[in-house]
Amino acid sequence: MIQKILIANRGEIALRIVRACRELGIKTLAVYSEADVQSLHVQLADEAICIGGPRSSDSYLRADRIISAAEIADVDAIHPGYGFLSENAKFAEQCESCNIKFIGPKSKSIKMMGDKSIAKDTVRKAGVPTVPGSDGPVESEKEAVKIARKIGYPVIIKAVAGGGGRGMRIAHNDVSFAKEFHMARNEAEKAFGNGAVYIERYIEKPRHIEFQILADSHGKVLHLGERDCSVQRRHQKLIEESPSPFLTPDLRKKMGKAAVRAAEAAAYENAGTIEFLVDAKGNFYFIEMNTRIQVEHPVTEEVTGIDLIKQQIRVANGDKLDFDQSDITFSKHAIECRINAEDPARNFTPSPGTIGLYYAPGGHGVRVDSHVYSGYAIPPYYDSMIGKLICYGRDRKTALERTYRALSEYIIRGIKTTIPLHKAIMADPVFIEGKATTAYMEEFMARTPTDLFS
Ligand code: ADP
């Protein structure tokens, strides 16, 4: 039985894991960088070990130091959270070989789904629709242009090792294609140490709809419904909700089944997400699988009442999932807003600094997952997300009104945040009508005066 867990992460997700462990009676060890001494998760964990300097390359990405800390503190398992080492197959393998449970899938599933081109191939063979495109990575420009013409413009060039919305380029004709193809390869090489790219049809104004998967080590694979993550900026999610206002019961059923098939094809175990793009006609296409817990997992937790972090720990412990697909019900509507320390009125420039007064909203149907507090200094070394506001209720209208109300109560002084932007979106008719596609943010920013969200 798992008795002590090392949390190989920081910020709100580290705190989220501490909280789940507390409720399960499991001890926690926080590992932290010199910049995170003041962080709440360090203060709330049972033990804490500093593993290095502020830069993640000196701390949260140092597998060797994390494994050493695990051995010194004698933990049974490591929870990687999201980002950092969470989708690093080598790290999962190292944990496995040191007899420390990695709270996530087996390293071979991470490897298979981590290469986006292999992932597409794997699920396609299992009968899951994928975006039409090249068979695997494309090396030469000549071959690439041929494929792009065959697919038909516009096309999107994507890094096989891509993630976090980076490493994607769109081309509209042969001339722009040649340029974008070389740029994409160079960028991918620099960002991921792997220059391989593949080509897909660029789907115009799709919705991003993903399915939460939960699978145990005894072969049971379930889905916990969808999240609509169409509100994105530069391919990065800003708002997520469940259920999707676009899906019909029939389409939901079809996509849920396809998601389970995709996870089965990867011999998947633990929590994961199958991401799809859905076009205006309701055609859906697999784009990738995320082999970890995601930022937006609370949306699913509030709709289904299932604690995903606890389930992850139970699955890693070898327990069977003690419910079936038919036991999972979707009784609420939930919306999550990512609160980033950025200035939306100035092209989302990061706004690190010290928070003055901090007051989080509360009341019926409001959840705030955040590691910050009054007087907290936001370190400039990490991503800018400082919290998540999740509001839920019996239907979408209630969730929307509640989100607007909670945003109006939320006070974070001393820095700029995305709170005013979220408020403006919650009052925007296109969003209220449930019509947002992945093109929504660009359109919204172009037609909305900045003083509405500054
Ligand atoms: P990452 O791993 O970097 O998050 P994804 O493959 O998940 O990359 O894609 C992120 C986002 O990029 C999608 O949600 C969508 O908005 C856009 N995108 C990706 N592929 C396509 C495509 N073929 N057509 C249109 N948009 C796409």
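**Strand S8 and its sheet**

I began with S8, which is mostly covered: four of its five residues are buried. I take buried as under 20% relative accessible area, exposed as over 50% and partly exposed as in between, with a 1.4 Å probe and protein chains only. The model is predicted, so I note its limits: local features need pLDDT of at least 70, side-chain atom pairs count only at pLDDT 80 or more, and totals for chains, interfaces and linings use all residues. Residues are numbered from 1 along each chain as its sequence is written, and side-chain values use heavy atoms, with hydrogens and water left out.

Helices (H or I, at least four residues) and strands (E, at least two) are DSSP runs, numbered from the N terminus. I looked up the strand order next and found an open sheet of three strands, S7-S6-S8, with antiparallel pairing. Strand S7 (166–171) and strand S8 (197–201) are at the edges with a single partner strand each, so one side of each has no neighbour in the sheet. On average, neighbouring strands here are turned by 25° against each other, direction ignored. Two strands count as paired if DSSP finds at least two bridges between them.

I then followed S6 (residues 155–163), which five bridges join to S8 in an antiparallel run. Isoleucine 157 has isoleucine 199 of S8 as its bridge partner, and alanine 159 stands opposite valine 197 in S8.

Helix H7 (residues 141–151) lies across S6 and S8, at about 20° to S8. Axes are lines fitted to C-alpha atoms, for helices over the stretch in contact, and angles run from 0 to 180 degrees between N-to-C directions.

**Threonine 130**

I found threonine 130 in the loop between helix H6 (116–125) and H7. Threonine 130 is buried, at 11% relative accessible area. Leaving out residues up to four places away in sequence, threonine 130 touches Lys120, Val123, Arg124, Tyr285 and Phe286; contact means heavy atoms within 4.5 Å.

**Rings**

I paired rings of Phe, Tyr and Trp (its six-membered ring) with centres within 6.5 Å; planes under 30 degrees apart are stacked, over 60 edge-to-face and the rest tilted. The count comes to 13 aromatic pairs. One of them, tyrosine 373 with tyrosine 376, is edge-to-face at 5.4 Å centre to centre and 70° between the planes. Tyrosine 373 is partly exposed at 23% relative accessible area, whereas tyrosine 376 is buried at 2%.

I also noted a cluster of Tyr60, Phe84, Tyr381 and Tyr382, linked by ring pairs.
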